[in-house]
Amino acid sequence: MPLVTTTEMFKKAYDGGYAVGAFNVNNMEIVQGITEACQEQHAPVVLQVSKGARAYANHTYLVKMVEAAVKECPDVPIALHLDHGPDFETCKSCIDGGFTSVMIDCSSKPFDENVEITKKVVEYAHAHGVVVEAELGTLAGVEDDVKVSAEDSSYTHPEEVEEFVTRTGCDSLAIAIGTSHGAYKFTPEQCTRNEKGILVPPPLRFDVLEEVSKRLPGFPIVLHGSSSVPQNFVDMINAHGGKMPDAIGIPEEELRKAASMSVCKINIDSDIRLAITATIREYFDEHPDHFDPRQYLKPARQAVKDMVAHKLIHVLGCNGKA
Ligand code: G3H
Ligand code: 13P
Ligand code: ZN
């Protein structure tokens, strides 16, 4: 099937109490790892491209790689999405350039300005058959070259969401309920420790999510910053010359709960980076004489595939839904 928008996949996800995975793609191995897992698990998927990905890999290469995945995985509904579109021009360029979904992220701007720019993107996108994700509230962490400190982050105000969605006409809404971008989502000081001494992050604000959903019944909600930062990858990285002390993510059971509620799209990028880096670090340690990139990119691609398959089945619940 050709590239799809997220309209149908979000409706099914909302009604079915699961979420679709939105995975960031930056190179061929990542596209292959994700889509091969989705093909095997019969799962719909959002492949998303950031401004940084376009700068790294080039718009055309990314679109063509995704088109290749569409051809190779004929049973998988795939949406091609712009992640964190910073302005109208970037969104327009992706809409004109074959994307089926864009995010306009003006969450750091004042409410009225966010409405104004989002509305402009929605009008252009809808006229071209493309859907739009917008954002209210500010996540902590690093996205593209912008770093937001925990103090400057803010939860979404549920009392703003109806007016925002009505005025902008956006198709889905990313909200801030305590997730954060990157592999260092919380400082040890923000966490507690369990009986084994392992850091436990502060819980997500499900009360905010519930309040938002009450005000927007049937409307698809998006969670950014939703990598779990699996400890086995962090341990592998640290055991093979890396240095990632105190890396910490969102517990899987919290994401499962969000997926069973109104959250229809869950964004994952850092876990892909960790899977690749852990695998390659281990490989280099074990095979110091190897120098053919295919030798170490093959297991790295497999690690992405295995990690994504795990998410589809055990976190998102979207396996068997394609
Ligand atoms: O939210 C940010 C994503 O992880 C994309 O990261 O801008 O470094 O490609 P990037
Ligand atoms: P992570 O850094 O938690 O993977 O979040 C990715 C994301 O939100 C992309 O938009
Ligand atoms: Zn994000």
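The exercises below, with worked solutions, concern a predicted model.

**Exercise 1. Strand 8 and its neighbours**

Determine which way the residues of strand 8 point, and whether they are buried or exposed. Then find which strands pair with strand 8 and in what sense.

Solution.
- Step 1. Strand 8 covers residues 172–175. S172 and A174 point one way, while L173 and I175 point the other way.
- Step 2. A residue counts as buried if 20 or more other C-beta atoms lie within 10 Å of its own. By this criterion S172, L173, A174 and I175 are all buried.
- Step 3. Strand 5, residues 131–136, pairs with strand 8 in the parallel sense over four bridges. In this pairing A134 has L173 as its bridge partner.
- Step 4. Strand 11, residues 221–223, also pairs with strand 8 in the parallel sense, over two bridges. Here V222 of strand 11 stands opposite A174.

**Exercise 2. Two helix pairs**

Two packed helices are described by the angle between their axes and the distance between the axes. Describe the packing of helix 9 with helix 11 and of helix 7 with helix 8, giving the handedness of each crossing and the residues in contact.

Solution.
- Step 1. Helix 9 (residues 231–239) and helix 11 (residues 270–286) have axes that come within 8 Å and cross at roughly 35 degrees. The crossing of helix 9 and helix 11 is left-handed.
- Step 2. Helix 9 contributes F233, V234, M236 and I237 to this contact, and helix 11 contributes L274, A275, T277, A278, R281 and E282. Sorted by class, the contact of helix 9 with helix 11 holds seven nonpolar residues, one polar and two charged.
- Step 3. For helix 7 (residues 158–168) and helix 8 (residues 206–215), the axes are 9 Å apart and the angle is about 35 degrees. Helix 7 and helix 8 cross in the right-handed sense.
- Step 4. P158, V161 and E162 of helix 7 meet V208, E211, V212 and R215 of helix 8. The contact of helix 7 with helix 8 has four nonpolar and three charged residues, and no polar ones.

**Exercise 3. The shell around ligand 2**

State which residues come nearest to ligand 2, which elements each supply at least two residues of its shell, and how the shell divides by class.

Solution.
- Step 1. There are 14 residues around ligand 2, and the nearest of them are H224, S227, N267, D269 and S270.
- Step 2. At least two shell residues come from each of strand 3 (78–85), strand 12 (263–268) and helix 11.
- Step 3. By class, the shell around ligand 2 comprises ten polar, three charged and one nonpolar residue.

Technical notes:
Residues numbered from 1 in each chain as written. Chains lettered and ligands numbered in written order. Predicted model: local features only at pLDDT ≥ 70, side-chain atom pairs only at ≥ 80, totals over all residues. Buried ≥ 20, exposed ≤ 12 C-beta atoms within 10 Å, placed from the backbone. Pairing = 2+ DSSP bridges. Axes fitted to C-alpha atoms, helices over the stretch in contact; angles between N-to-C directions. Left-handed = near helix turned anticlockwise from the far one by under 90°. Contact = placed C-beta atoms within 7 Å. Nonpolar A, V, L, I, M, F, W, Y, C, P; charged D, E, K, R; others polar. Near = placed C-beta within 6 Å.
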